Amino acid sequence: MLNLKHLASHAYRQYELVTCVNMLEPWEKKLINGFFLVMLFLVLFSSFMYLPNYMQTLMQFVTPPNWHNSPDSAAYVAQKMTRS
């Protein structure tokens, strides 16, 4: 448990040094860290919500089913891609 706490504090210190957050005042640190956390949350949320749909559409476009090789299938996939 102590090793995990040490590892977490070391990682946070590295984050502070790389982003130069260690030179800011405490309220500025909280503001910047909050901004980074919100951005990270938004990226993760959008990846989980929208990326599976995009990947499914891409797979339908790249590998269309063999039983339906009409030009309508490509148009349907293109139309679906513009809606997403």
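Reader: How many aromatic pairs does a search of the whole structure find?

Author: This is a predicted model. The search finds 4 aromatic pairs.

Reader: What makes the pair of Tyr 15 and Phe 36 edge-to-face?

Author: The ring planes stand at 75°. Planes over 60 degrees apart count as edge-to-face. The centres are 6.1 Å apart, and the planes at 75° make the pair edge-to-face. Tyr 15 sits in helix α1 and Phe 36 in helix α2, 21 residues apart, so the pair links distant parts of the chain.

Reader: Why is α1 called roughly perpendicular to α2?

Author: The axes of α1 (residues 2–19) and α2 (residues 26–62) cross at roughly 100° and come within 13 Å. Angles of 65 to 115 degrees count as roughly perpendicular. Therefore α1 is roughly perpendicular to α2.

Reader: Which residues make the contact?

Author: From α1 come Tyr 12, Tyr 15, Glu 16 and Thr 19. From α2 come Lys 29, Asn 33 and Phe 36. By class, the contact has 3 nonpolar, 2 polar and 2 charged residues.

Reader: How do you know that the span of α1 agrees with 1.5 Å a residue?

Author: Its 18 residues should span 26 Å. The end C-alpha atoms of α1 are 26 Å apart, so the span agrees.

Reader: What span does α2 reach, and what is expected?

Author: α2 has 37 residues and reaches 51 Å from first C-alpha to last. That is close to the expected 54 Å.

Reader: Where does α2 bend?

Author: At Tyr 50, by about 40°. A proline, Pro 52, follows within four residues.

Terms used:
Residues numbered from 1 in each chain as written. Predicted model: local features only at pLDDT ≥ 70, side-chain atom pairs only at ≥ 80, totals over all residues. Heavy atoms only, no water. Axes fitted to C-alpha atoms, helices over the stretch in contact; angles between N-to-C directions. Helix = DSSP H or I, 4+ residues; strand = E, 2+ residues; numbered from the N terminus. Parallel < 35°, antiparallel > 145°, perpendicular 65-115°, else oblique. Contact = heavy atoms within 4.5 Å. Nonpolar A, V, L, I, M, F, W, Y, C, P; charged D, E, K, R; others polar. Expected span 1.5 Å × (residues − 1). Bend = angle between axes of the 7 residues up to and from the residue. Phe/Tyr/Trp six-rings, centres within 6.5 Å; stacked < 30°, edge-to-face > 60°.
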